[in-house]
Amino acid sequence: MTESFLSIRDLRKTFGSFVAVHDVTIDIPKGEFLTFLGPSGSGKSTTLYAIAGFQHPTSGDVLLEGRSLLSVPSHKRNIGMVFQRYTLFQHLTVAENVAFPLRVRRRPEAEVKRKVAEMLSLVRLESFGGRYPGALSGGQQQRVALARALAYDPPILLMDEPLSALDKKLREEIQAEIRRIHRETGVTILYVTHDQDEALHLSDRIALFRDGRIEQIGTGEDLYLRPGSEFVASFIGNSNFLPAEHLETVNGSATIRLADGSVVSGVRIDQNFSHGQKTRLMVRPEAFRLRPGPATAGLAVEFIDTAFFGERRRVIARTAAGQEIDVRPTSDMAEAQEGIASSRQQIFFDPAAAFLFPA
Amino acid sequence: MSGNLLHRPSIFRRPDGIGGALPALILIILFFVVPVVALLLRSVTEPVPGLQNYATLFGDGTYARVFFNTFLVATVVTAVTVIVAFPVAWMLAIMPPTLGSIVFGIIILSMWTNLLTRTYAWMVLLQRTGVINRTLMDIGLISQPLPLINNLTGVTIGMVYIMLPFMILPLVGTLRAIDPMTLRAAALCGASPLEAFRRILLPLSLPGIAAGGLMVFVMSLGYFVTPTLLGGTSNMMLAAMIAQMIQSLLNWGLGSAAAFILLVVTMALYALQLRLVGAKRMTGGI
């Protein structure tokens with residue numbers, strides 16, 4: 001195996017009897033944008049803090065280009081970090097904040113000046129150098145924090161939920177900035193968030209954390225289209241889980257019986273189920289169609305509420321077994337007129353785009 | 001709703017204009033302004049009208065020494081108090097709240113203990129045959145007792161002890177407002193703990209140091225009990241001198257002039273601090 005740029009080896013952190021991080025191993029190539037996604041308390045921030053040097057792991061190692069970082073104190077790790085809260089130095093101007101890491105490194109004044117100008121232009125705050133952080137909006141403060149964290153060209157940039165204190169519109173704006181900065185600087189970014197949209201939007205790869213372990217790691221597409229567990233399927237994107245009984249599997253293609261008695265075949269699975277085993281069938285809301293296609297399975301439902309959302313239509317439907325499901329077909333005109341006509345009808349989905357998980 | 005507000009008894013309404021503030025104003029004038037004016041008048045009328053009291057105070061070397069000594073003690077006490085209070089305040093600021101409030105309680109408790117008792121306790125500890133000298137001699141660290149009392153050392157120790165809460169309280173407030181994450185950010189930026197302290201923590205805590213420092217300095221300038229009991233006769237402070245002038249010499253004019261000088265100096269210091277801290281606020285800093 002080729003040596004990875006940043007390597008987290010069997011990292012474990014316990015607080016008393018509580019295991020916050022459970023032997024996590026990740027290899028991160030240079031220049032990657034990797035997001036730690038997960039609910040709060042899943043160990044993602046603890047892992048990040050171990051890399052930053054704020055928390056000493058109970059066991060395991062963190063290696064940067066093959067060298068262990070564990071015995072290196074935070075201030076010598078040369079890592080950039082943007083925090084959840086605004087951590088700008090309130091008594092220093094924006095320019096002095098960005099210059100701070102260069103000043104403590106005793107860089108020549110001309111270089112400090114040049115670098116500060118370069119960084120402020122990178123985050124598009126050229127004219128704000130003389131202001132104090134208190135006079136800036138939250139979004140501007142986080143951009144200054146980003147400039148400060150990148151000023152000394154760190155090989156790794158850690159970001160701990162940097163946008164969680166901002167409103168939605170600002171969040172999207174700064175997400176675009178972060179993507180651009182990642183593209184322009186090529187810095188390796190480790191990003192922590194509990195927001196799946198943010199993770200999907202930003203990352204090359206996502207490591208989904210659950211109870212101190214990595215549940216699944218892969219691209220956003222991997223996690224969305226090929227979820228390895230029910231937890232992944234429910235955490236990334238929206239999903240419906242229909243109770244089902246497994247009947248048989250032939251060549252990785254399963255036949256199941258749904259709660260309303262209908263039998264569906266052609267469900268793709270990658271684990272073994274026994275005959276009669278209780279399972280749950282996951283179907284994404286947008287995988288439902290209002291009209292049948294080739295090889296689609298039908299589901300008898302009653303429409304309870306429909307709403308129009310531009311590109312998609314959102315329908316709350318109730319199955320014959322009484323379960324409410326979320327259906328988001330494309331808002332195709334012909335389909336829609338037909339679809340809304342009656343409230344009791346069939347909706348359709350491709351079994352190959354559905355997943356079967358143990359109940 | 002608004003009708004309800006209008007019909008509320010007038011006592012609950014915010015007094016507006018000068019009329020509503022009149023009782024408080026009279027109180028302030030009667031008990032604060034009048035005595036100060038009386039003090040000023042005495043200093044320029046007794047024993048005969050004129051500025052001779054001030055001339056005496058500024059002209060006589062003995063009085064000048066007392067003034068110098070007073071400012072020296074106040075400066076040393078303030079400096080030592082800041083140095084001792086800072087780590088305590090920082091510990092209080094980052095402690096878990098429950099433990100913090102216990103330590104806080106201990107500090108407040110010492111403040112509530114009788115001042116005279118605490119000063120006498122220091123006399124017992126600091127004298128030639130006191131606990132500190134005995135212990136140091138017993139363990140062989142010194143062979144002669146250290147001169148810890150009836151000098152500047154004694155006054156400083158006793159006064160720092162008494163002034164500490166007045167420094168710690170405002171400082172804790174300032175330090176609590178500093179997000180510990182800011183220091184982590186400084187560390188990741190490459191600042192060693194010492195550098196983070198010098199460049200980040202210290203400047204950010206300046207308003208607290210200034211507020212506490214001013215309080216301690218001003219209180220020290222006019223302190224009576226502790227310098228009298230722990231200091232020697234050779235380093236008399238202003239308050240003791242005023243007491244002597246009025247009690248023993250019955251020279252109200254000179255005493256009033258000395259007290260008035262003390263007041264002016266105090267007010268000048270307060271104005272200076274207001275300017276420094278206020279100016280920084282205006283520019284968006286702390």
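Before the helix entry, a reminder to myself: axes are lines fitted to C-alpha atoms, for helices over the stretch in contact, and angles run from 0 to 180 degrees between N-to-C directions. I also keep in mind that this is a predicted model.

Entry one, the helix. I looked up helix H1 (residues 44–52) of chain A and found that it lies across E1, E2 and E4 of chain A, at about 115° to E1(A).

Which order do the four strands take? I read E2-E1-E4-E5 (chain A), an open sheet with antiparallel pairing. Strand E2 (18–28) and strand E5 (67–68) of chain A each have a single partner strand, so they stand at the edges with one side left without a neighbour in the sheet. Further in, I followed strand E1 (residues 6–15) to strand E4 (residues 59–64) of chain A: five bridges join them, antiparallel. Ser7(A) sits opposite Leu63(A) there.

Are its residues buried or exposed? I found five of five buried. Ile156(A), Leu158(A) and Asp160(A) point one way, Leu157(A) and Met159(A) the other.

Strand E6 (residues 80–82) of chain A pairs with E7(A) in the parallel sense over three bridges, with Val82(A) bridged to Met159(A). Strand E8 (residues 188–193) of chain A also runs parallel to E7(A), joined by five bridges, and Asp160(A) stands opposite Val192(A). From E7(A) the chain crosses through helix H5 (residues 168–185) of chain A to E8(A), a right-handed β-α-β crossover.

Conventions: Residues numbered from 1 in each chain as written. Chains lettered and ligands numbered in written order. Predicted model: local features only at pLDDT ≥ 70, side-chain atom pairs only at ≥ 80, totals over all residues. Buried ≥ 20, exposed ≤ 12 C-beta atoms within 10 Å, placed from the backbone. Helix = DSSP H or I, 4+ residues; strand = E, 2+ residues; numbered from the N terminus. Pairing = 2+ DSSP bridges. Right-handed = clockwise from strand over helix to strand, strands pointing away. Contact = placed C-beta atoms within 7 Å.
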